[in-house]
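Have a look at the structure first, then try each task before reading on.

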Amino acid sequence: MAYLEDTRRRGTEKLTNAQLKETLYLFGIKPEWWITALIIIAPLMIWEFLARTDRISSLFFPAPSVILLTSIQLITDGKLTIHAGVTLWRVFIGFCLGGISGLILGMAMGWSRSLRIIVDPLIAAAHPVPKIAMLPLIMILFGIGESPKIVVIAVTTFFPMLINTVTGVRQINPIHFEVAKNYGAGLNKIFTRVIIPGSLPLVLTGARLALNMGLLLAIAVELVSAQEGLGAMIWLAWQTLRTEELYVALFVTAALGVIFNFLLQRMTLYLIPWQTEQKI
Amino acid sequence: MRIECQHLAKLFRTGDRNIPALEDLTFCVEEREFVCIVGPSGCGKTTLLKIVAGLLEPSAGRILFSGDSNDGQPRSALVFQEHGLFPWMNVIDNVAFGLEMRGTPAKERRDRARVFIEKIGLASFAKNYPHELSMGMRQRVGIARAFVANSQILLMDEPFGSLDAQTKRVLRQELLRIWEEHQKLVLFVTHDIEEAVLLGDRVLVMSGHPGRIREEIAIPKGPLRDLPFEDQPELMEIKWHIWKILEEEVLKSLQMPS
């Protein structure tokens with residue numbers, strides 16, 4: 001009897017939980033997201049209150065409403081769009097150059113043992129070097145202007161792409177190669193039907209890492225040497241003490257990172273329908 | 001198609017030691033024969049299948065395939081223990097893989113794959129991916145893939161090893177049914193003596209370390225092949241006989257310092 005009582009009580013508990021969840025499902029938003037929203041909104045409101053009542057310096061911590069207005073103004077006069085556009089363009093070109101060469105070399109290294117043995121020590125030596133430290137050297141080699149910036153971003157995106165691609169190819173179960181060979185697959189078919197789909201999950205993880213690091217390095221390079229771009233905007237805002245612009249640039253940078261991750265996650269779901277849980 | 005193995009041997013090299021996996025294997029498999037190979041674990045059963053499949057080169061000896069029709073289709077299709085399906089292809093593409101490799105146009109190979117998918121009772125799962133299927137269903141897909149490839153030799157490496165008893169029983173009957181319909185040469189590796197006796201026209205009993213053939217046993221088959229094991233007393237006797245041989249082998253391998 002006691003057992004029955006117990007299960008019944010547990011049953012009702014579950015019901016109330018479900019009801020609670022249902023009420024939280026307003027506008028089709030997951031209940032957990034309400035909590036996330038609260039975590040973001042509450043501090044902003046406190047910040048706004050503190051700035052307006054002059055309890056914190058509005059020179060260093062301008063009220064969120066001021067930051068919002070500034071960003072609207074920066075968007076309408078085109079400044080923000082240009083800076084963000086320049087940064088995005090650099091990340092994109094750098095990723096195309098570095099990411100794609102990382103992908104190609106990674107495939108080759110995953111496939112060929114001897115190439116792996118030859119190249120591996122070079123990668124191990126070059127990978128941990130902070131790429132921003134190479135900027136002066138790259139500027140000596142590539143001059144000033146756009147190219148050294150793009151080269152730094154390309155070098156940065158190259159490594160995560162390469163390492164993930166090599167691992168992606170290497171972790172394919174050898175049985176899949178045997179099956180393919182057994183059914184008479186040539187090198188072409190092994191490549192398109194086994195190596196590419198088999199390594200794709202890790203390649204996409206590599207692309208995500210590469211884009212994040214590319215954005216990071218783009219900002220860093222722009223802080224040091226650029227007239228345009230989000231990093232340059234941050235540095236200029238700091239030097240002229242226009243803190244609201246500084247915050248705008250920071251938020252836009254953060255938003256770009258979030259958008260990159262979101263898009264790549266969507267792409268992963270679409271490209272890898274055979275994986276239920278994402279290994280990211 | 002007929003397979004003749006003559007004095008096959010295989011050495012594996014680990015470091016500076018040569019480990020003999022197979023030694024002096026000689027046997028024939030006739031056309032349309034269902035031959036099972038049993039042996040203690042590590043006796044080189046899988047190695048033997050891979051050599052027959054052409055995935056490994058023998059260190060000595062040779063295999064002759066006679067009656068090769070040579071119309072471009074692969075000579076043999078191998079059904080793996082598990083993980084044999086491509087996780088990135090749905091059921092129909094997995095089943096049609098052999099045809100795809102031969103350059104059959106997409107529509108034709110899908111149609112032919114669909115026929116077999118229906119035969120194994122997975123018609124409503126054609127678009128599903130392997131991870132969405134149970135182990136038993138996956139094994140059925142693997143078998144269908146081998147049959148669709150329409151090679152004359154079917155090599156099976158403990159295809160039912162990881163399945164529960166009921167599923168195993170159903171799949172064995174299914175395999176026999178499809179085999180009787182298509183009449184292929186089957187080389188079936190298992191560690192399950194009962195399975196070997198039940199399915200095979202002939203059983204090759206192997207010894208371990210290195211793998212050799214201890215005994216060849218012809219299994220008398222009545223017209224009703226898929227009777228349950230318990231209803232065939234003469235098979236019980238053979239099973240007992242094989243077990244006696246294997247017990248000796250297993251004991252020997254346990255005493256042997258590795």
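## Exercise 1: A sheet in chain B

An open sheet of three strands in chain B has the order E2-E1-E4, with antiparallel pairing. Bear in mind as you work that this is a predicted model.

**Task.** Work out which strands of this sheet stand at the edges, then describe how E1(B) is joined to E2(B).

**Solution.** 

1. Start with the partners: strand E2 (17-29) and strand E4 (60-66) of chain B each have a single partner strand, so they stand at the edges and one side of each is left without a neighbour in the sheet.
2. On average, neighbouring strands here are turned by 20° against each other, direction ignored.
3. Now zoom in on one pair. Strand E1 (residues 2-14) of chain B runs antiparallel to E2(B), and nine bridges join the two.
4. To find your place in this pair, look for B:Cys5, which stands opposite B:Phe27 in E2(B).

## Exercise 2: Two helices in chain A

**Task.** Classify the crossing of H3(A) and H4(A), and say which residues make the contact.

**Solution.** 

1. Take the axes of helix H3 (residues 64-76) and helix H4 (residues 79-111) of chain A: they come within 4 Å and cross at roughly 80°.
2. Angles of 65 to 115 degrees count as roughly perpendicular, so H3(A) is roughly perpendicular to H4(A).
3. On the H3(A) side, the contact is made by A:Ser71, A:Leu74 and A:Ile75, while H4(A) brings A:Lys79, A:Leu80 and A:Thr81.
4. Sorted by class, the residues of this contact are three nonpolar, two polar and one charged.

## Exercise 3: Where the chains meet

**Task.** Which element gives the most to the side of chain A that touches chain B?

**Solution.** 

1. Count each side: 16 residues of chain A and 18 residues of chain B take part in the contact.
2. On the chain A side, the elements that give two or more residues are helix H8 (174-182) and helix H9 (187-224).
3. H8(A) gives the most, with six residues.
4. By class, this side of chain A divides into seven nonpolar, six polar and three charged residues.

## Exercise 4: The build of chain B

**Task.** Compare the radius of gyration of chain B with the globule rule.

**Solution.** 

1. List the elements: chain B has eight helices and nine strands.
2. Its radius of gyration is 19 Å, close to the 18 Å that the globule rule gives for 258 residues, so chain B is as compact as a globular protein of that length.
3. For the dimensions, the C-alpha atoms of chain B fill a box of roughly 55 × 45 × 35 Å along the principal axes.
4. Finally, buried residues make up 40% of the 258 residues in chain B.

Notes: Residues numbered from 1 in each chain as written. Chains lettered and ligands numbered in written order. Predicted model: local features only at pLDDT ≥ 70, side-chain atom pairs only at ≥ 80, totals over all residues. Pairing = 2+ DSSP bridges. Axes fitted to C-alpha atoms, helices over the stretch in contact; angles between N-to-C directions. Parallel < 35°, antiparallel > 145°, perpendicular 65-115°, else oblique. Contact = placed C-beta atoms within 7 Å. Nonpolar A, V, L, I, M, F, W, Y, C, P; charged D, E, K, R; others polar. Rg over C-alpha atoms; globule rule 2.2 N^0.38 Å. Buried ≥ 20, exposed ≤ 12 C-beta atoms within 10 Å, placed from the backbone.
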